[in-house]
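Have a look at it first, and then we'll walk through a few features.

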Amino acid sequence: MIGLVSYIVFFLILSLIFGVAVLGLNLQWGFTGLFNAGVAGFTAIGAYTMAILTGPARDAVFGGFELPFVVGLIGAMIASGIGAVLVGLATLKLRHEYLAVATFGIAVTIQLVCLNWEYLTGGTLGLIGIPNPSKAWADGPLAQNALYLLVVVVVVGLTFAALERIVKSPWGRMLKAVREDDVAAASLGKSPERVRLEAFVLGCMIMGLSGALYVSFIGYVSPWDFLPIVTFQIWTMLIVGGSANNRGALLGALIVWGVWTMSGFVISRVVPSEIQAQGGAMQAVLIGVILVAMLLIRPRGLIGEELHVSRHARS
Amino acid sequence: MILQHIADGILSGAIVALGAIGLSFTMKMLRFANFSHSELLTWGAYSALVFVAFFSSFGGFFDQTIGPFSFGPGLLLAMLCACVTTAIIALLLHRFVFGRLSRAAGHMTMVFASFGVALILRHLVVLIWGSDPIYYSRELQFAILLPGNVRVLPDQVFLLGLTVVVVIALHLFMTRSRTGIAMRGVAESPDLARASGVNVDRIITWVWVIGASGAAIGGVLYGMTVQLRPELGFSLILPLFAAAILGGTGSLYGAVLGGLIVGLSENLSVMIIPTTYKPAVPFLLILAILYFRPEGIFGERST
């Protein structure tokens, strides 16, 4: 029983951390129509910043400032935001599929930097010993994980509430206006370029936050955690849940991560041990099938965008 | 040294060009960025492996090697069969995924779907053939020493020769045959082509067949001169996109020239940046071209 409870706590922590990244992507794609195919890269920036700011000092590697957890979270968001400003200025002029190709390339490049700039990132070995704040608050793994889950729930709750407010604000309506027709938005005196950049940067900061929560929980960071498949998983979560709906984003994260872990569990039990190494491939095929099937059967996702009619137009 | 880098660049550029032709055509004519196109190279390479084994089971004629090359008639036949197999895969994908989505949903939905299709195709290769590198043959070859101390293998000479033949054949097809001319018309404007009596669906079938065959040949040549591994196509995604965008989507010569530029700049880049950063070079090329000339070298500025 305790085993199951610990497992559920563990599962919820990871799927909610994914959920944060999906919320960030939802702001970019769902509300603003920006195709960011480099999600893994921006979570990586956040993750490494967290590791550098809060991790222990080590020889021959930069960082190890042993700063508090909250400083790490804020630092991670700032670093991802700075990365997003640079990337956004260079690429946001591009439309749709060119933006997808360019951001995909950015994620590949960021992963190469993580892999090779040993002084900053520890290279292939990554950075270990990243403190998990819950270790100081309780004894025993279950209590610690439960406390960390509480932290994650608070962060998800704050992010969710902030995003809900933001997308209902005038600025949020401007995002949708730019998404639907940026010429019309420009003719009303709005600046589509500026709005796109703001939404892109804010979305990437949220992805950085997700990466930071992840490394503190796992305790280490390595370049292999940010392969392009992470981007595809996060996209699948958004498509399954329903883009332009923050509840859908979180629901999609829970469902897709649930399918991923359950299938991993089933494969580890059912598949003979000689071909266990191929189990990961089976999971990836499954994610691909879910993504394609969802697009064919229910492209708006489980709970898609709600229609909003201006209250002036209603009566 | 620099001559060797140029030779290597032209060779890897030829493979990129073969893959980029199909990607460039689908980007222009089906109007979506197909992230799964590079997996067709992987499937071409691995399906040829099956046919190589099949033909060599007949022994004799199929098992011999031709002249200085590491392969014989078996591999050449297998390459043809791989083209057919890969074309069938591409047509099935069009029939059940991309074609449906292009009618029912937007272009971006097709891009998402291509992410999913790429995941499925790549990991099916791992499931079927495993993740260890495989070779078509273990024949050892002696390098040919060219002037300037440049070494190339006979198989690499074949790679280049076959690429030239394929490009010339495609050139003749696009300029001389009615289908090829209609294809260029569809690239210009599908609606206008349809109004002039072109069967656009048939042309789209041709686009997939040509694209998939080019990808299969590129994949087999990669397998022949490097090795077969499941990430073969995946590692070429950015080079292929860079070549297609550099050349201008929908242009045959653009894709070929783009492929050569990508291959050359990747291989020459190691003289100024660490080799480990080589995979980022195509991405920098994409950024540069999109910034300065988004329509590509041979593309036309659309209004």
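How many helices and strands does the secondary structure of chain B come to?

## Chain B at a glance

Chain B has 11 helices and two strands, where helices (H or I, at least four residues) and strands (E, at least two) are DSSP runs numbered from the N terminus. Starting at that end, the order is α-α-α-α-β-β-α-α-α-α-α-α-α.

This is a predicted model, where local features need pLDDT of at least 70, side-chain atom pairs count only at pLDDT 80 or more, and totals for chains, interfaces and linings use all residues. Residues are numbered from 1 along each chain as its sequence is written, while chains are lettered from A and ligands numbered from 1 in the order in which they are written.

## How chain B fills space

Along the principal axes, the C-alpha atoms of chain B take up a box of roughly 55 × 50 × 40 Å. Of its 303 residues, 51% are buried (20 or more other C-beta atoms, placed from the backbone, within 10 Å of the residue's own).

## Where the chains meet

On the chain A side, 30 residues are in contact with 30 residues of chain B (C-beta atoms, placed from the backbone, within 7 Å). Helices H4 (96-116), H11 (228-241) and H13 (279-297) of chain A each supply at least two residues of that side.

## Two helices crossing in chain A

Helix H2 (residues 39-54) and helix H10 (residues 192-218) of chain A have axes that come within 7 Å and cross at roughly 50°; axes here are lines fitted to C-alpha atoms over the stretch in contact, with angles from 0 to 180 degrees between N-to-C directions. Among the residues making the contact are A:Phe42 of H2(A) and A:Tyr214 of H10(A).

Conventions. Contact = placed C-beta atoms within 7 Å. Buried ≥ 20, exposed ≤ 12 C-beta atoms within 10 Å, placed from the backbone.
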